[in-house]
Amino acid sequence: KQTIDKIAAGEVIERPSSVVKELVENSIDAGASMVTVEIKDGGISLIRITDNGCGIDKEQVKIAFLRHSTSKIRSVDDLNSISSLGFRGEALSSIAAVSQVELITKTPRAFSGIRFFIEDGIAGELEEIGAPDGTTFLIRNLFYHTPARKKFLKSAQTEAGYINTLMQHLALSHPDISFQLIINNQPKLRTSGNGSLKDVIYQIYGRDVVKELIEVSFENEIFQMKGFIGKPVVSRGNRNFEHFFVNARYIKSQLLSKCVEDAYKLHLMQHQYPFCVLHLTFQGEMLDVNVHPTKMELRFEQPQLVYDAIVPAIKESLEEQEL
Ligand code: ADP
Ligand code: MG
């Protein structure tokens, strides 16, 4: 069983940022309004994630670490919907198979908190301790007994960079949640969680980017699109500043990038990679998310409809700005 977990773990947990992604998505699913992530050594020696979500019941703690165990009710429909985050009941078992895990959790109805250690997939005892409502995970020494995997990691600084980028995407996808990232005791990112997407953009990219924003708001029978695009300014060499969220999930999409770039091109008569943060909300049946969840690539059932809607919507926003 432990071997199976280790193989499965490789699918879900490739690097420290995979741990952060899975655990923060769990915090979001747990209804947290605040999530703090602290890492040391690029997340290799320590990842600490604290949330103020619903906590885990004492009886559920050990169960949560079993493979394919999930408390999240998912209908058949749900399997086609991007709104349920992450893999299905595989994250905790996978993380526990490749690291030393400490969990402290308390539900609002419990009188005390619970502390639990699981290491190399082997569970310890449950201890009662004082703790605030919510959940803290401490992940130590990732891949400590799988050196082959550890060898594939980049430098601590590069791994920390991946986590920083991931946290930016998570913050942009949930302006209503306050996120904090601390790298080697230095605060790196903090969002207020006041619900304003513009404020999150400000907290990540600063004043110069916020000054240049154009608001976008569009809706048809198929989807809704809201967010901001940057005024055409400096030319960028890549798509790193194009951010797309579909049903509150960060995704990469050739199609959406092309839509926005083509709109700028029609407007400017030249190609550029714009800054944008666009949230799209679709009806489930319009999306094909049968794609490996870590790849973040998404296919649309009817790409032409999406293209034909977005290009003019973005172009109009650019034109209105000039009036
Ligand atoms: P999944 O998220 O697909 O259900 P996971 O392995 O990520 O599977 O988590 C297993 C279960 O552990 C979740 O279904 C949830 O009940 C519980 N859990 C994990 N993290 C948290 C958290 N931060 N707060 C509350 N419950 C959590
Ligand atoms: Mg999960």
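The following questions and answers concern a predicted model of one chain with a ligand. Local features need pLDDT of at least 70 and side-chain atom pairs count only at pLDDT 80 or more, while totals for chains, interfaces and linings use all residues. Residues are numbered from 1 along each chain as its sequence is written, and chains are lettered from A and ligands numbered from 1 in the order in which they are written.

Q: How many helices and strands does the secondary structure of the chain come to?
A: Helices (H or I, at least four residues) and strands (E, at least two) are DSSP runs, numbered from the N terminus. On that basis the chain comes to ten helices and 15 strands.

Q: Which element gives the largest share of the shell around ligand 1?
A: A residue is near the ligand if its C-beta atom, placed from the backbone, lies within 6 Å of it. Of the 23 residues around ligand 1, those that come nearest are Asn26, Ala30, Thr70, Ser71 and Ala91. The elements giving two or more residues to this shell are α2 (16–29) and α4 (91–97). The largest share, four residues, comes from α2.

Q: What is the make-up of the shell around ligand 1 by class?
A: Ala, Val, Leu, Ile, Met, Phe, Trp, Tyr, Cys and Pro count as nonpolar, Asp, Glu, Lys and Arg as charged, and the others, Gly among them, as polar. By these classes, the shell around ligand 1 has seven nonpolar, ten polar and six charged residues.

Q: Why is α2 described as largely enclosed by the rest of the structure?
A: A residue is buried if 20 or more other C-beta atoms lie within 10 Å of its own, exposed if 12 or fewer, and partly exposed in between, with C-beta atoms placed from the backbone. The buried residues of α2 include Lys21, Glu22 and Asn26. Helix α2 is largely enclosed because the buried residues number twelve of its 14.

Q: What distance separates the end C-alpha atoms of α2?
A: The expected span of a helix is 1.5 Å times one less than its number of residues. The 14 residues of α2 should therefore span 20 Å, and this agrees with the separation of its end C-alpha atoms, 20 Å.

Q: Is leucine 172 buried or exposed?
A: Leucine 172 is in helix α6. Contacts, meaning C-beta atoms placed from the backbone within 7 Å, join leucine 172 to Val200, His243, Phe245 and Val277, leaving aside residues up to four places away in sequence. With 22 other C-beta atoms within 10 Å, leucine 172 is buried.

How values were computed: Contact = placed C-beta atoms within 7 Å.
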